[in-house]
Amino acid sequence: MTGNDGMSDQTPPDDTTVRAAGQLLRGALPPMTFSDGFADRTMARIARERAAPPPDVLRFGAMQRNFRWLAAAAALAIVALGAHNTLIARTADSSLFEAALGLQPVSAESILSSSSDSFQ
Amino acid sequence: MIESNDDADLVARARKGDDDAFRRLVERHQAAVARTVFGMLGAGDDADDVGQETFVRFHQALDTFRGDSSVRTYLVRIAMSCALNALRSQRRRELRFVRDDLAMESAADPDAIITAGDDGQAARIRAALDRLSTEHRAVVVLRLLDERSTRETAEILQIPEGTVLSRLSRAVQQLRVTLGPVWQEFTE
């Protein structure tokens, strides 16, 4: 909590006001104490938290599990896409590798024609 | 500097895993933590939970606690931070689920004298505290309720002393207006 209110025009309350205000608040509000057994509850909570793995470990475990599924799904998608390209889009003059990746056959003519198109 | 030899000794023992020593620290400082937490949040289940959270965090930070400030000041700083987090969560819950007409009314007119739902002076003063912004309430809790000096308040909230004074001035002004005759009777 940082900050500067820059309230130079406000006069701080004098000590008498501060004391009186403190007395008013402390006298009117109910006793500010925790209910009986607070120390026991706190120590029990510390013991529980000590026994449980830290949240970072839990988060890493969840990420690992999710990543396994994602990696398997991605691998399947790559294989399916490669198979699709190979079976459907393969032309006579493309290699199996080019077909799997869906690459168009490239020749000097096709490069020159595409670059001259882009200049027009 | 560490507050007292007892605290220094208890912290050293707690660092080595002595739970009895840590329990002594809890028992010794729970009153200061309670004043901060109840002052910021009011009575309720959240207050006990935030109090426990304060000591859990202190326990986790024992190895890094260097004793630059006293154990009590350090704990009050953690308590204030936990209470502010709890207030932010409360506000999010309220924004999501609750449309309390009275709360909306008081938010719309923070300077109105509290009379609605008045079931005694304590309720009125609690409502006046709750109407202060969290920044101003934090200064009121430390400076007026917990009777901390301006310097200690600045140290706990990690703000300049001038900011403590200006926030106190503004908070007192707002309490004076909100509490009306109750305030005047007591302070003037």
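**View 1. The contact between chain A and chain B.** In this predicted model, 33 residues of chain A and 40 residues of chain B form the contact, two residues being in contact if their C-beta atoms, placed from the backbone, lie within 7 Å. Among the elements of chain A, α1 (15-28) and α2 (38-51) each supply at least two residues of the side that touches chain B; helices (H or I, at least four residues) are DSSP runs, numbered from the N terminus. The most comes from α1(A), with 9 residues. By class, this side of chain A has 18 nonpolar, 10 polar and 5 charged residues. Ala, Val, Leu, Ile, Met, Phe, Trp, Tyr, Cys and Pro count as nonpolar, Asp, Glu, Lys and Arg as charged, and the others, Gly among them, as polar.

**View 2. Helices α8 and α9 of chain B.** The axes of α8(B) (residues 150-157) and α9(B) (residues 161-179) come within 8 Å and cross at roughly 105°. Axes are lines fitted to C-alpha atoms, for helices over the stretch in contact, and angles run from 0 to 180 degrees between N-to-C directions. The two helices are therefore roughly perpendicular to each other (angles of 65 to 115 degrees). B:T150, B:R151, B:T153 and B:A154 of α8(B) meet B:E161, B:V164 and B:L165 of α9(B).

**View 3. Confidence along chain B.** The mean pLDDT (the predictor's confidence in each residue, from 0 to 100) of chain B is 84. Confidence in chain B is lowest in helix α5 (residues 101-108), at a mean of 50, and highest in helix α2 (residues 19-41), at 95.

Residues are numbered from 1 along each chain as its sequence is written, and chains are lettered from A in the order in which they are written. Local features need pLDDT of at least 70, side-chain atom pairs count only at pLDDT 80 or more, and totals for chains, interfaces and linings use all residues.

Key: Angles under 35 degrees count as roughly parallel, over 145 as roughly antiparallel, 65 to 115 as roughly perpendicular and the rest as oblique.
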